[in-house]
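Please read these points with the model open beside you.

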Amino acid sequence: MQDVMEYLIALFLIVSGVFGLVGSFGLLKLGDPMSRLHAPTKATTLGVGGVLIASMIHAIALEGKASFHELLITLFLFLTAPITANFIAKVHIHRNETPQSMPPAGEDRLWATHDVDKETA
Amino acid sequence: MSLFLIAALPFLGACFPALLIRAGRNASAMSAGAVSLLALIGLLIHAPSVLRGEVIAARLDWLPELGLNANFFLDGLGLLFAGLILGIGILIILYARFYLSREDPMGQFYCYLLLFQGAMVGIVLSDNILLLLVFWELTSLSSFLLIGYWRHLPEGRQGARMALIVTGAGGLAMIGGMLILGNIAGSYDLTVILQQRDLIQTSPLYLPALILILIGAFTKSAQFPFHFWLPHAMAAPTPVSAYLHSATMVKAGLFLMARLWPVMAGTDAWFYIVATTGLVTMVLGAVIALFKDDLKALLAFSTVSHLGLITMLLGFGTGMAAVAAVFHIINHATFKAALFMTAGIVDHEAHTRDIKRLGGLRRLMPVTFTIAAVASLSMAGLIPLNGYLSKEMMLEEAAHTAWLQSTWLVPALATFGALLSAAYSFRYVAHVFLGPERDDYPSHPHDPGAGMWLAPAFLVSLVVLIGLFPETVAGGIVAAAAGAVTGGDLPEYHLKLWHGLTPAFYMSAVALSGGLMLLWGHAHLNRAWTNSPRPEAKTIFDAIVGTATRISRILTDRLHDGALTRYAAIFVAFTLGLAGYAWLSGTLGPQTRAPLEIAALPLIGWIGVIVSTVLMVAFHRRRLLALILMGVVGLVVSVSFNYLSAPDLALTQISVEVVTIVLMLLALNFMPKETPRESSPVRKTRDAVLSIGAGLGVGGLIYALMRRDFDLPTISEYHLNNSYSGGGGTNVVNVILVDFRGFDTFGEITVLGIAAIVIFAVTQAVLSGPVRGRLLNRKPDAPQSGDAHPLMMVVVTRMMMPVALMVAAFIFFRGHNLPGGGFIAGLIAAIAVVMQYMASGFGWAAERQHVPYHGIIGSGVLVAAVTGMGAWLAGEPFLTSAFGYVHLPGLEKFELATAALFDLGVFLAVVGAVMLALESFSRFAWQPGIAPEHAMDINPARDLDPKNPEEV
């Protein structure tokens, strides 16, 4: 049983390491900001997630106690990662796109970040 | 009544008139009068024993290490002066009630007056010269407020400034003199100093001490050449002139000379400096007074002249002259205060103080005329009024005083001074009240109500009574006070009207008849006087002050021109110079510690800091990028604190980092995103040299320090050992903050609060000016984002707020034993709120914020202070903490410490200060009335059919 758990922990650590590596590689390799935005999300979700699961298993199986810190970290990650990505995307649209270069925004007038131009446009 | 209470009563009572003015002017005046009366009664209780020759003392060791003790003592001299101050104070309070008009803020007036009264009583009762100096400066400050009371008048403001500069500068000189004196005597207690006559007079420092102290006394008592401020101080309301400039403050200098008479007087230096200055002042003041047309200016210069007379008597250094001086102090206070009050009445009723426009008032104002006539005839020295008695004694003393072997000089000049004095006194009566009635007064004069003439009437009744029965009315107090001046032995003397045909009588007769002749020939003399060139003191004074201002402005403009880089350069260069001096003059011990191998993690951090610093130099022109690079440095520092087992510091650093970055971003919002190129190559080289030098210096210093053991044992050991047993906490950092060095922390949160309030005040000042309009109309230099409040951000921050506050609470509560504490918790709570401001906008957040941040700061400081004062209840010093363990059923045993309450104060102050600063910055961008469009207050049902239009 102990060994199974240790293998499991190792597996999650390897998975997280691989995704961390992939995420970092993608950040360097991919061309434009919108594509690059995808790479770190792998590192934050799957990469960090793997470490956290490994840590929880470690606590339960080897230390004999339940640990919930990891859930809290997950919660914070789930809160911060999308916001960060959202802001990066917004900045990108704001700086590199014009209202004309974007697809129609539907009933909500313009794309939010270009909203300021609605009076002038 | 304890002397402490007598001295403290006016200070304590100063708030009553200011508060009671809401209940009306009578209530305000009555409260001020009651306070003075209470203090006077307390003083008079001691009078019988003091008149018997006893000395009442009250002692309290305040800062014995510095020789500063709150010691008071009351002897004859103190009783005389304190009695004058409090007694005339009551009369002035009565007079001012009717003198001040409805527009004047009377509560403020009485408040200042009582502050002044307290400072004066403090001077005359102090038994410690350091304490005396404190009160001395307080009189300068409070008289500044009183002279400038009519602050809408430029003369009032200028006069107040001039008085403050002259008496304040004199006070500074006196501080030096007093310190020398205390140093010679080996104690700052007057009772000790007064026993050391031989020691002091033989000391080589006697002369400097004497000169410095005399400068203080002469400036205060308006002696030549410092006499010029007194007439300009006449811009004050008349009650102030009557109180400060005739009876009390200008006599403080005389008091001091009299007080130090036993140890200072009797030397040649004393005689020539003091007596000569007095003589010159007496004659000069009298000459100028004779030609003044403004009633108050005339009285002001006559005061200068009489103060000179008393100074001269003190300068003679004989026991009999001391008696005459003390007696004349009493007499002058009575008739001069009365004269000032009558001048005020004339001004109040006729609406002018110009003698040329007055005359013939005796039928229109019979009561005022009687009072003024008696008082000025006493000033002239006419038998049988009290001025005659002391003038006779003065002339008698002058008659046998030789000045540089010349036996005629002093008597002749004294007679001349008395002659002029008689002349201007006669003029005051003749040109104002006698003569034909006129029909062109600015206002039709008539006698005022009893409230205004009662006070001067009381004083002139004293004038007459002392004149007729000197021994009965004033004999006791004169003997007691003169005894205190001379230090015990008094010559045989009699206070009586008729001494026979003495030389003094002839001199007096000459003076009076000469005075009448001068009055007769005044018109001719006046023409000659106005045509002769005279130096104008105010022009000279203004020129000196102007030059000083110019020089300091040049200096300030050079050093303090508003460029932060210049301050930084001066500061760094100075520090480098000091450090260089220390390096060259000191010695360096041997290295005792071996260097450690560098581990991988610190190496990465180190490289990170260096790279970001280098990048910072390269990219500093792009401000946003620079901010990010700064953030990198901050994060590495936080992480390294954590690595080096300082979790408290790491937590603090990281939360401070967040707040700082937010603040900077806010500020950047109003600035160009790029720094303009403005440094010349020379300047860049200078800055490079300075910063590299400073950086290498600090690095070298730290390296040298880390390679050596400390010379002396550090205090850390003590903190570690006593943290749990003494402070009840295992988190040493927190125990240091709230317990060991709690007083520091208390000071720090106070400063933090003040800084935040200053930021708020500056913002307020800027926004109330034209800047506000410019800010509202400014065109941003880059296109602004359309949704300032992105939906996702808004949702998340609102969700995070309770979580973040919970974290703050957690950090706060565990702070005493584990990393955390009020300061960090405060920062986290502030961040929780800042998130709302950032995400949802200032307007949205401000609408939901109901407690003003000022109040939070104030409550924090108060909570900390009250917690600290709680220790007094247990008889312990301020901020002593206590802790205990409580066991409640259902809970584990837990600890309660007063330190936690103190920490709560820290928490509140930090939250308030951070938020107030952020809010102040935000207000620059905020446009009131423009609702944020994209915050979450958009009704999601806006496109559906509105059932209730209010909801949309």
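1. A222(B) sits in the loop between α10 and α11 of chain B. Helices here are DSSP runs of H or I with at least four residues, strands are runs of E with at least two, and both are numbered from the N terminus. Phi of A222(B) is near 55 degrees, a positive value in a residue other than glycine. A222(B) counts as buried because it has 29 C-beta neighbours inside 10 Å. The cut-offs: buried means 20 or more other C-beta atoms within 10 Å of a residue's own, exposed means 12 or fewer, and partly exposed lies in between, with C-beta atoms placed from the backbone.

2. This is a predicted model, in which local features need pLDDT of at least 70, side-chain atom pairs count only at pLDDT 80 or more, and totals for chains, interfaces and linings use all residues. Residues are numbered from 1 along each chain as its sequence is written, while chains are lettered from A and ligands numbered from 1 in the order in which they are written.

3. Check the peptide bond from F224(B) to P225(B). It is cis, with omega near 5 degrees. P225(B) lies in the loop between α10 (206–220) and α11 (229–232) of chain B.

4. A positive phi also occurs at S645(B), near 60 degrees, again in a residue other than glycine. S645(B) is in the loop between α28 (623–643) and α29 (647–668) of chain B. Is S645(B) buried or exposed? With 8 C-beta neighbours inside 10 Å, S645(B) counts as exposed.

5. I654(B) belongs to helix α29 of chain B. It is partly exposed, with 19 other C-beta atoms within 10 Å. The C-alpha atoms of I654(B) and V636(B) are separated by 9.6 Å, and the two residues are 18 apart along the chain.

6. Helix α13 (residues 249–259) of chain B has 11 of its 11 residues buried, so it is largely enclosed by the rest of the structure. Among the buried residues are K251(B) and R259(B), as well as F255(B) and L256(B).

7. Chain B is divided into domain 1 (1–261), domain 2 (265–520), domain 3 (562–582 + 596–709) and domain 4 (733–776 + 787–939). The bounds come from an automatic or database domain assignment. The C-alpha centres of domain 1 and domain 3 of chain B lie 53 Å apart.

8. Which chain does chain B touch, and with how many residues? 10 residues of chain B are in contact (C-beta atoms, placed from the backbone, within 7 Å) with 11 residues of chain A. The chain B side has 6 nonpolar, 3 polar and 1 charged residues. Nonpolar covers Ala, Val, Leu, Ile, Met, Phe, Trp, Tyr, Cys and Pro; charged covers Asp, Glu, Lys and Arg; the others, Gly among them, are polar.

How values were computed: Two residues are in contact if their C-beta atoms, placed from the backbone, lie within 7 Å.
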